[in-house]
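The tour moves from stop to stop, with something to select at each one.

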Amino acid sequence: MHLDEIKISRAIIESYKAKLVDALDVDVAIVGAGPAGMVCGYYLAKARKKVVLFEKKLSVGGGMWGGGIMFNEIVVQDKAKDILDEFGIAYRTYEPGYYLADSIEAVTTICSKAIKSGLRIFNLMSVEDVMVRKSRVAGLVLNWTAVEMAHLHVDPITMRAGTVVDATGHPAEVTRIVERKSGIRLKTKTGRTRGEGSMWAHAGEEIIVKHSKEVCPGLYACGMCANAVFGGPRMGPVFGGMLLAGKKVARELSGKT
Ligand SMILES: Cc1cc2nc3c(=O)[nH]c(=O)nc-3n(C[C@H](O)[C@H](O)[C@H](O)COP(=O)(O)OP(=O)(O)OC[C@H]3O[C@@H](n4cnc5c(N)ncnc54)[C@H](O)[C@@H]3O)c2cc1C
């Protein structure tokens, strides 16, 4: 069979256009394809929510690929072992309560299972603003990451979401935009983002799950971002909290307990 370049181009353009148009009005829009965002997307898709995820980088996985100090092993604690089982990620016991998994297997498996469950991921797209209606976060303003990097004067597009999940990790980018521009008071003690504390693995892991919750009407924090928003210690390459945070937010948004 003769391959026609024009047919190939048309196939890509038509198919992507259909996906993007379909993503303009959804139940939940997640920002950030780190472990927290992808796990959240997996459980929401399984609960039959219409859910999309926007990731600014070329590749998904956020900070999970590099494990700790670029050694591609991650540690997961007892509480999150069930999630590794749910995804079928292999692990081995290092010592009781400390389980080791290969970070490459973890990222690729979570991503693959999430997509097969119905999560639609758009990479290379940056969230540069939010849409606010009646003091509620109602959607996202998106542009190509390449446009942002090249500082080009190109207007973005907008999509509507019943709920936005900020899973952007340390920078808590979406929440900081809301704080800066909307005038909405956040559900933190001060009404503003609290910032992240110094390393304390045990406390940080507990707190991150507790803090993964509603930040203001229409917006949830999930994963590392939650500790930056509500104030909690960083915890190093222990990833159970990210997985549990993703599952918790998905359960809240899908009405499951
Ligand atoms: C330099 C560095 C040091 C770190 N040190 C620690 C540490 O000491 N302790 C610790 O607990 N964690 C640390 N981490 C993070 C660690 O990797 C996390 O624990 C884990 O990856 C967080 O998972 P997450 O899913 O919450 O967010 P991440 O894995 O960070 O994923 C967030 C994703 O959101 C995407 N994103 C961000 N902004 C936007 C936007 N505007 N639009 C679209 N996508 C966006 C990012 O590209 C990324 O893929 C560090 C990360 C970095 C980069």
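Select arginine 48, in the loop between helix 2 and strand 2 (51-54). This is a predicted model. Arginine 48 is not a glycine, yet its phi is positive, about 70°. Is arginine 48 buried or exposed? Arginine 48 counts as exposed, because it has 11 C-beta neighbours inside 10 Å.

Keep that backbone angle in mind. Most residues other than glycine have a negative phi.

**The hairpin**

Next, select strand 7 (125-133) and strand 8 (residues 136-144). These two strands pair in the antiparallel sense, over 8 bridges. Pick out serine 126, then look in strand 8 for its bridge partner, asparagine 143.

Now go to the turn of the hairpin. There are 2 residues between strand 7 and strand 8. Lysine 134 takes a positive phi near 50°. Serine 135 is in the loop between strand 7 and strand 8 too. Its phi is near 60°, again a positive value in a residue other than glycine. Serine 135 is partly exposed, because 13 other C-beta atoms lie within 10 Å.

Move on from strand 8 to strand 9 (residues 157-166). Strand 8 and strand 9 run antiparallel and are joined by 4 bridges. Select leucine 142, and opposite it in strand 9 stands isoleucine 157.

**The ligand**

How many residues surround the ligand? The count is 29. The closest are Gly34, Gly62, Gly63, Gly169 and Gly223. Colour the shell by type: 13 residues are nonpolar, 11 polar and 5 charged.

Which elements give two or more residues to this shell? They are helix 2 (35-46), strand 7 and helix 8 (224-230). Helix 2 gives the largest share, 3 residues.

Zoom in on strand 4 and strand 5 (residues 98-102), which pair in the antiparallel sense over 3 bridges. Select threonine 93, whose bridge partner in strand 5 is tyrosine 99.

**Helix 6**

Select helix 6 (residues 173-181). Which of its residues are buried? They are Glu173, Val174, Thr175, Ile177, Val178 and Glu179. Step past helix 6 to glycine 183, where phi is positive, near 80°.

**Zoom out**

Finish with the whole chain in view. The chain has 9 helices and 11 strands. Its C-alpha atoms fill a box of roughly 55 × 55 × 35 Å, taken along the principal axes. The radius of gyration is 18 Å, which agrees with the value near 18 Å for a compact globule of 257 residues. Of those 257 residues, 44% count as buried.

Conventions. Residues are numbered from 1 along each chain as its sequence is written. This is a predicted model: local features need pLDDT of at least 70, side-chain atom pairs count only at pLDDT 80 or more; totals for chains, interfaces and linings use all residues. A residue is near a molecule or strand if its C-beta atom, placed from the backbone, lies within 6 Å of it. Ala, Val, Leu, Ile, Met, Phe, Trp, Tyr, Cys and Pro count as nonpolar, Asp, Glu, Lys and Arg as charged, and the others, Gly among them, as polar. Two strands pair if DSSP finds at least two bridges between them. The radius of gyration is taken over C-alpha atoms; the globule rule is 2.2 Å times the number of residues to the power 0.38. A residue is buried if 20 or more other C-beta atoms lie within 10 Å of its own, exposed if 12 or fewer, and partly exposed in between; C-beta atoms are placed from the backbone.
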